[in-house]
Amino acid sequence: MDYVLTTGDLSKHYGNFKALDRLSMRVPKGSIYGFVGKNGAGKTTLIRLICGLQMPTSGDYSLYDIKNSEKDIIKSRRRMGAVVEIPSIYLNMTAEENLKEQYRILGLPSDDGIFDLLKLVGLENTGNKKSKNFSLGMRQRLGIAIALAGDPDFLVLDEPVNGLDPQGIIEIRELILKLNRERQITVLISSHILDELSKLASHYGFIDNGRMVKEISAKDLDAVCRKCVRMEVSDTKALTYVLDEMKIGYKILSDTQADVYSKVNVTKLTFALSKVNCEVISMQERDENLESYYIDLVGGSKHA
């Protein structure tokens, strides 16, 4: 498999704080890679490093097989486009003027392609409207257009749907999928909106305290995320006894709730529970989703 980005024991320290701690990751070519972690886990630090905005403390990374210590890393970065934290736009300029300025910064010989970029991100009809009067979603799409000005084949987006309304989220999602499918652009997305990320990502990297906990494809994740029956009972200790006797897999969630990972014969189970004075209050089929998988993986309930 070809990889656009690889890191090897990549570390970034700020005094005694380890923002990245020997991080190793691999972003496959052509993928939409969801980068998941809590606030302060190191996601934005990684993005800033690969964009050349900061230098690593130790370890290395490669873009298109060129290590960050080599001179040609500059050429590899030219194949990248990025929106880091907030879109870098000039608020007193129109969308077209912003793109013209980016073309000038990149040293592109002409303005050819600007209208096509505006059309791609749905901003072709904004005319003389200043960017300061754009919605958050429009600004985000303009930021992506600016990131695409150099015709990159690797796009890095840091929290691209943060703060957007539902319509804005849908527009960004459709744009990312279009860029990936029609232009074969590899996309690295840092996001805390895990439900939305699950609609996009083909691969995931789960980071915690600056270290990679798990990398997994969406296909393998679907296989791991098992269907279950969420049971609410009067006594999970009694439920545990019965499930062990029946050799059925389960996970206890509280004194009254448990997930049962097997096809359950409801009649047999409720009859067995009644023998040990355990009442079944409710049963509901459910799938383990990305959020629950992540929480089980790294623990805690707050994520970003």
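Biologist: At what angle do helix H5 and helix H6 pack, and how far apart are their axes?
Modeller: In this predicted model, helix H5 (residues 136-147) packs with helix H6 (residues 166-183) at an angle of about 20°, and their axes are 10 Å apart. Because of that angle, H5 is roughly parallel to H6; angles under 35 degrees count as such.

Biologist: Is the crossing of H5 and H6 left-handed or right-handed?
Modeller: H5 passes H6 in a right-handed crossing.

Biologist: Which residues of H5 and H6 meet?
Modeller: From H5 they are Gly137, Gln140, Arg141 and Ile144, and from H6 they are Glu171, Ile172, Leu175 and Leu179. Sorted by class, this contact of H5 with H6 has 4 nonpolar, 2 polar and 2 charged residues.

Biologist: Now to helix H3. How does H3 pack with H5?
Modeller: Helix H3 (residues 95-106) and H5 pack at an angle of about 25°, with their axes 9 Å apart. H3 and H5 are therefore roughly parallel to each other. Their crossing is right-handed.

Biologist: And which residues make the contact of H3 and H5?
Modeller: H3 contributes Ala95, Asn98, Leu99 and Gln102, while H5 contributes Leu142, Ala145 and Ile146. By class, this contact of H3 with H5 has 5 nonpolar and 2 polar residues, and no charged residues.

Biologist: Let us turn to the core. Which residues have the most contacts inside the largest nonpolar core?
Modeller: They are Ile144, Leu155 and Tyr204, in a core of 49 residues. Ile144 is also one of the H5 residues that meet H6.

Biologist: What does Ile144 touch?
Modeller: Leaving aside residues up to four places away in sequence, Ile144 touches Val83, Leu155, Leu157, Ile172, Leu175 and Leu179. There is also a second, separate core of 26 residues, which includes Val27, Tyr33, Phe35 and Val84.

Biologist: Where is Tyr64, then?
Modeller: Tyr64 is in the loop between strand S4 (58-63) and strand S5 (66-67). Asp65 lies in the loop between S4 and S5 as well, and its phi is also positive, near 70°.

Biologist: Is Tyr64 buried or exposed, and is Asp65 buried or exposed?
Modeller: Tyr64 counts as buried because its relative accessibility is 14%, and buried means under 20%. Asp65 has a relative accessible area of 67%, so Asp65 is exposed.

Notes:
Residues are numbered from 1 along each chain as its sequence is written. This is a predicted model: local features need pLDDT of at least 70, side-chain atom pairs count only at pLDDT 80 or more; totals for chains, interfaces and linings use all residues. Side-chain values use heavy atoms; hydrogens and water are left out. A nonpolar core is a set of buried Ala, Val, Leu, Ile, Met, Phe, Trp, Tyr and Cys residues joined through side-chain atoms within 4.5 Å. Buried means under 20% relative accessible area, exposed over 50%, partly exposed in between (1.4 Å probe, protein chains only). Contact means heavy atoms within 4.5 Å. Axes are lines fitted to C-alpha atoms, for helices over the stretch in contact, and angles run from 0 to 180 degrees between N-to-C directions. Helices (H or I, at least four residues) and strands (E, at least two) are DSSP runs, numbered from the N terminus. Angles under 35 degrees count as roughly parallel, over 145 as roughly antiparallel, 65 to 115 as roughly perpendicular and the rest as oblique. A crossing is left-handed if the near helix is turned anticlockwise from the far one by less than a right angle, and right-handed if clockwise. Ala, Val, Leu, Ile, Met, Phe, Trp, Tyr, Cys and Pro count as nonpolar, Asp, Glu, Lys and Arg as charged, and the others, Gly among them, as polar.
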